[in-house]
Amino acid sequence: MILNRRSFLGTATAASAALSAPMALGQAKPRVVVIGGGSGGGTVARYIAKDSNGAVDVTLIEPSRKYYTCYFSNLYLGGFWEFDALGHDYGNIARLGVNVIHDWAVGVDRDAQTVALASGEQVSYDRLVVAPGIDFVEGSVPGWDVSQQSLMPHAYKSGTQAQLLKHQIENMREGGTFCMVAPPNPYRCPPGPGERVSMVAHVLSEINPTAKILIVDPKENYSKQALFEEGWERHYPGMVTRIGPDFGGENVEVRPDAMEVIIDGVVEAVDVCNVIPAQKAGKIAELAGLTNDSGWAPVLPADMRSRMDENVFVLGDASAQGAMPKSGYSANSQAKVVANVIRGELTGSRIFPARYSNTCWSLIATNDGVKVGANYEAGEDQIESVSSFISQTGEDAELRQQTYEESIGWYNGIVADIFG
Ligand SMILES: Cc1cc2nc3c(=O)[nH]c(=O)nc-3n(C[C@H](O)[C@H](O)[C@H](O)COP(=O)(O)OP(=O)(O)OC[C@H]3O[C@@H](n4cnc5c(N)ncnc54)[C@H](O)[C@@H]3O)c2cc1C
């Protein structure tokens, strides 16, 4: 691979005004490198390639040949969705002219504007998009680290972890206990743990109805809490117990070898334990010097540009942007803003003001779907919510079924939007 340095806009500290100047005619094509081919990175690579009609060289760096969505992985656990339907490859993104490299980005030299790959290659960029999703905060659940993920899966990056968790749930002893150690804020997909509990309860009520579900949660409250609690009482009465911070839910330790969870000093024997640890930006964001003490990468609300480097954008879960939840919908929405800005800066096309949106659907039981969502705009310091909506408790069955059907339409739409 021949990867040249370029001298596009002078220094990395060029003023924002200069950044909006398009490439001069006759120069080599401007280069965009995207790290991470998930919900955010896949979208930004595809949109820049599609909308610039070959005027921009786009390289996507992603280690996996197939991306398995976390969205609908809970429905896979619940038996509503096939595992294969979660997987999407990069063929259509590559067919648009994106240079897809299946490798890990292992470092970023922001002065030289190059990305180092695990293979030893270097890739040069004029603009870099960093969208690596999440990593886990070491030691956040004492007794657990990723070396224990086969005994106590997180299943928070989908793929084989979701398969393992499903296998464990389906093979749990009769009347056994499924425990979920829920994460502190902020974390990927605020309603994700609640939806997972619903789907586990759905399966257990069919194959192991005397089983119990224990949630150990360090948070006072969580997204769609009233909707989930109403649904659990209606569909799975007596099955789910939640221990919040008032009762020791923030003081939890696990012993994977013994399958024990210690809650505020009290030892509980469990049969399956889903540990969802505290989270931070994917490691490459930290290696690139794009994160702060929070572990997330601060960005400007108008365009997701890194506060650390004008030539770098961070989007999706890895970013600290303000009010948007860490979701696939958010990442896809942010990616379209970034694609528009980068294309404008590199080719002179029109840049539109940022508009962001998000909706998160959750399934509680068969045909019982709920949702929460909002529209967002760039505030002075961060992205702010300007209008929002949420399903109500007590809704009729027809509306809940419509909400579920809407979620299937959303899934099919978003994966087509990302992967083509
Ligand atoms: C159980 C569950 C349910 C969910 N349900 C929903 C839902 O219903 N709706 C919704 O909108 N969202 C949902 N989400 C959240 C959603 O999956 C994430 O918010 C979304 O995927 C974030 O997109 P991203 O692009 O930031 O990261 P990801 O989609 O995780 O993509 C990151 C990519 O970067 C790659 N990568 C990481 N490091 C490197 C590196 N060093 N070099 C190269 N590549 C790298 C990874 O391989 C990965 O493919 C759910 C999440 C979970 C866990």
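## A cis peptide bond

Pro 186 sits in the loop between β11 (177-181) and α6 (192-207). Helices (H or I, at least four residues) and strands (E, at least two) are DSSP runs, numbered from the N terminus. The peptide bond from Asn 185 to Pro 186 is cis, with omega near -15°.

This is a predicted model: local features need pLDDT of at least 70, side-chain atom pairs count only at pLDDT 80 or more, and totals for chains, interfaces and linings use all residues. Residues are numbered from 1 along each chain as its sequence is written, and side-chain values use heavy atoms, with hydrogens and water left out.

## The ligand shell

There are 34 residues around the ligand, each with a heavy atom within 4 Å of it. Those that come nearest are Gly 40, Glu 62, Tyr 67, Arg 188 and Asp 317. By class, the shell has 17 nonpolar, 11 polar and six charged residues. Here Ala, Val, Leu, Ile, Met, Phe, Trp, Tyr, Cys and Pro count as nonpolar, Asp, Glu, Lys and Arg as charged, and the others, Gly among them, as polar. Three helices, α2 (39-52), α3 (73-77) and α9 (328-347), each supply at least two shell residues. α9 gives the most, with three.

A side-chain N or O atom of Asp 317 is 2.8 Å from a ligand oxygen. A polar backbone atom of Ser 327 is 3.3 Å from an oxygen atom of the ligand. Gly 328 places a backbone N or O atom 2.9 Å from a ligand nitrogen. Taken alone, the ligand exposes 990 Å², and the protein buries 93% of that. Areas come from the Shrake-Rupley method with a 1.4 Å probe.

## The nonpolar core

The largest nonpolar core has 121 residues. Such a core joins buried Ala, Val, Leu, Ile, Met, Phe, Trp, Tyr and Cys residues through side-chain atoms within 4.5 Å. Val 115, Phe 178 and Cys 273 have the most contacts inside it. Beyond four places in sequence, Val 115 is in contact (heavy atoms within 4.5 Å) with residues including Val 33, Ile 61, Tyr 125 and Leu 128.

## Buried loop residues

Met 304 and Arg 305 lie in the loop between β19 (297-298) and β20 (312-314). Met 304 has a positive phi of about 65°, although it is not a glycine. A polar side-chain atom of Arg 305 lies 2.7 Å from the backbone oxygen of Glu 310.

Ala 155 is in the loop between β10 (134-136) and α5 (160-170). Ala 155 has a positive phi of about 50°, and is not a glycine. At 2% relative accessibility, Ala 155 counts as buried.

Terms used
Polar contact = N/O pair within 3.5 Å; in protein donor to acceptor, adjacent residues only side chain to side chain. Buried < 20%, exposed > 50% of the residue type's maximum accessible area, 1.4 Å probe, protein only.
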